[in-house]
Number of protein chains: 2
Amino acid sequence: MTGSDTGPAPSGPVGVFDSGLGGLTVLRAVRDRLPRESTVYLGDTARVPYGPKAADTIRRYALEATDFLVDKRVKAIVIACNTATARALPDVQDRAGVPVLGVVEPGGRAAATASASGRIGVIGTRGTVSSRAYSRVIHHCRPDAEVFEQACPLFVPLVEEGWTDDDVTRLAAQRYLEPLLEKGIDTLVLACTHYPLLKPLLSELVGPGIQLIDSAESTAAALDDLLSAAGLSSSREEQPGASYYVTDEAARFDLLARRLLGEEVDHLEMVSVDSTG
Amino acid sequence: MTGSDTGPAPSGPVGVFDSGLGGLTVLRAVRDRLPRESTVYLGDTARVPYGPKAADTIRRYALEATDFLVDKRVKAIVIACNTATARALPDVQDRAGVPVLGVVEPGGRAAATASASGRIGVIGTRGTVSSRAYSRVIHHCRPDAEVFEQACPLFVPLVEEGWTDDDVTRLAAQRYLEPLLEKGIDTLVLACTHYPLLKPLLSELVGPGIQLIDSAESTAAALDDLLSAAGLSSSREEQPGASYYVTDEAARFDLLARRLLGEEVDHLEMVSVDSTG
């Protein structure tokens, strides 16, 4: 470590956590955008999904993940989970002692800026949509915006099945997108970590008149800005490290991780973060 | 209670547990078949799904559910969860002190008996299929059988979305069933608690030459036999009771429960069964 013991050091890794493996698309965007940064990924696969759980439970899980990453001497944390961001971002920011970013604000902000008409669609899981977290961010940046949110609960299992270019997915997507297209949106936010894998199909369905905003890319861009502003960007020349931790034996981990991350996962370790267990 | 403290009483309720709400289809089959029996349902919604979790974890969860039901003075227990049955049936039987039935054996046994050709298809979640639990039961009853198992991971989210009579589901089902139909099966086991809701659609797709075996109905029939044999059948004349317990605030509980159970759920209570929490 090159920094003092009291603050984060530019040589430290960036921590990314998610309830499961979906956050690997965010990690991938971070690694693409910031190729000099080492990363530590934590997937709380023992307790996935967070979506249907009580708010207090989700906050406890997020704080346990935070403690784990802080222990790994991360210099910044990305909460790559919409549910945990919506429920626990301020708590994690209080606890971490390093800069913390969620996935909601960067995506919402990018959509508010990108839209010409201010008519913006948001697609995500049932939990994310019912939290209205994206609507709040978009309205905060752009009070005149009209936001239309649509839950697409089949998209995660379709991506996990590998049916990303498939007629079943195309038919389901048409069904989900129809009400948004009828509203005349010009911007569509992919507000779920699994959805970047559906970008080609969604892009084909909505046509060139609608801009897709990928929350994972927006978050990586926001992290870049945040590290620069805080003087925490890495100046490393050598290949940066990437460590992966999960909290339970991950069935199909390799296959899913390869799909979501776009490459093989090395240095995988199983850990416990449950402070009550 | 009319029985002694040392054994189960015919007037006691039947306990049914599942990792979530899917087991309500089994409860429904039990209530249809045995309208004089009171029931207690426990859905471990805080920890659903069990499928991807480690074997020891699943065993601990199943034993915690068992203790909860035994506390409710149940006279028999149905494990309405394929994963918990495959991982923990003998442990639960050791612990319970009352007769215990899983969902795997009744369905597998019914298929072995029903099939003329011995060529049997089994559809279920990825976890159930990879456990090969149905194959083992079928082969045990009928060593010459040829069993073909097919995971259908999209069926649970499709049922939960309510798309049980829908082109998206029809297309997905065609994809999943094709390899089984090519094998010339004459019997198809619905080895997942959500699948009874897909029976009309599946039946239409496979045609009249293939018999569908509904694990939930087979389990209710096996419970009927078991209670009779043990002298534990209820002779109650009045309307029997039905209590429902879940372990976490269940998002969309009412809607999903109505869909799976086929009626409204009264007397719902949230409880903790986690012995470590």
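**Reading the helices, strands and burial**

Mentor: Let's start with two helices in chain A: α2 (residues 55–71) and α3 (residues 82–96) pack with their axes 9 Å apart, at an angle of about 50°.

Trainee: Why is α2(A) called oblique to α3(A)?

Mentor: Roughly parallel is under 35 degrees, roughly antiparallel over 145 and roughly perpendicular 65 to 115, with the rest oblique. The angle here is about 50°, and that makes α2(A) oblique to α3(A). The crossing is also right-handed, meaning that the near helix is turned clockwise from the far one by less than a right angle.

Trainee: Which residues make the contact?

Mentor: From α2(A), they include Ile58(A), Ala62(A) and Leu63(A), and from α3(A), Ala84(A), Ala88(A) and Val92(A) are among them. Contact means heavy atoms within 4.5 Å. By class, the contact residues of the two helices come to nine nonpolar, two polar and five charged.

A word on the ground rules: this is a predicted model, where local features need pLDDT of at least 70 and side-chain atom pairs 80 or more, while totals for chains, interfaces and linings use all residues. Residues are numbered from 1 along each chain, chains are lettered from A and ligands numbered from 1 as written, and side-chain values use heavy atoms, leaving out hydrogens and water.

Trainee: What makes His194(A) count as buried?

Mentor: Buried means under 20% relative accessible area, exposed over 50%, and partly exposed in between (1.4 Å probe, protein chains only). His194(A) has 8% relative accessibility, so it counts as buried. This histidine sits in the loop between β7 (187–190) and α9 (199–206) of chain A. Leaving aside residues up to four places away in sequence, His194(A) touches Gly22(A), Val156(A), Val159(A), Glu160(A) and Leu260(A).

Trainee: And Pro179(B): buried, exposed or partly exposed?

Mentor: Partly exposed, because its relative accessibility is 32%. Pro179(B) belongs to helix α8 (residues 167–182) of chain B.

Trainee: What makes β6 (146–151) and β8 (211–214) of chain B edge strands?

Mentor: The open sheet runs in the order β6-β5-β7-β8 (chain B), with parallel pairing. β6(B) and β8(B) each have a single partner strand, so one side of each has no neighbour in the sheet. On average, neighbouring strands are turned by 25° against each other, ignoring direction.

Trainee: How many bridges join β7(B) to β8(B)?

Mentor: Four, with the strands running parallel; pairing takes at least two DSSP bridges. One bridge pairs Val189(B) with Ile213(B). Helix α10 (residues 215–229) of chain B packs on the sheet, touching β7 and β8 of chain B, at about 60° to the direction of β8(B).

Trainee: Which way do the residues of β3 (residues 76–79) of chain A point?

Mentor: Ala76(A) and Val78(A) point one way, Ile77(A) and Ile79(A) the other, and all are buried. β3(A) pairs in the parallel sense with β1 (residues 14–18) of chain A over four bridges, with Gly15(A) opposite Ile77(A). β3(A) also pairs in the parallel sense with β4 (residues 100–102) of chain A over three bridges, where Ile79(A) has Gly102(A) as its bridge partner.

Definitions and conventions. Axes are lines fitted to C-alpha atoms, for helices over the stretch in contact, and angles run from 0 to 180 degrees between N-to-C directions. Ala, Val, Leu, Ile, Met, Phe, Trp, Tyr, Cys and Pro count as nonpolar, Asp, Glu, Lys and Arg as charged, and the others, Gly among them, as polar.
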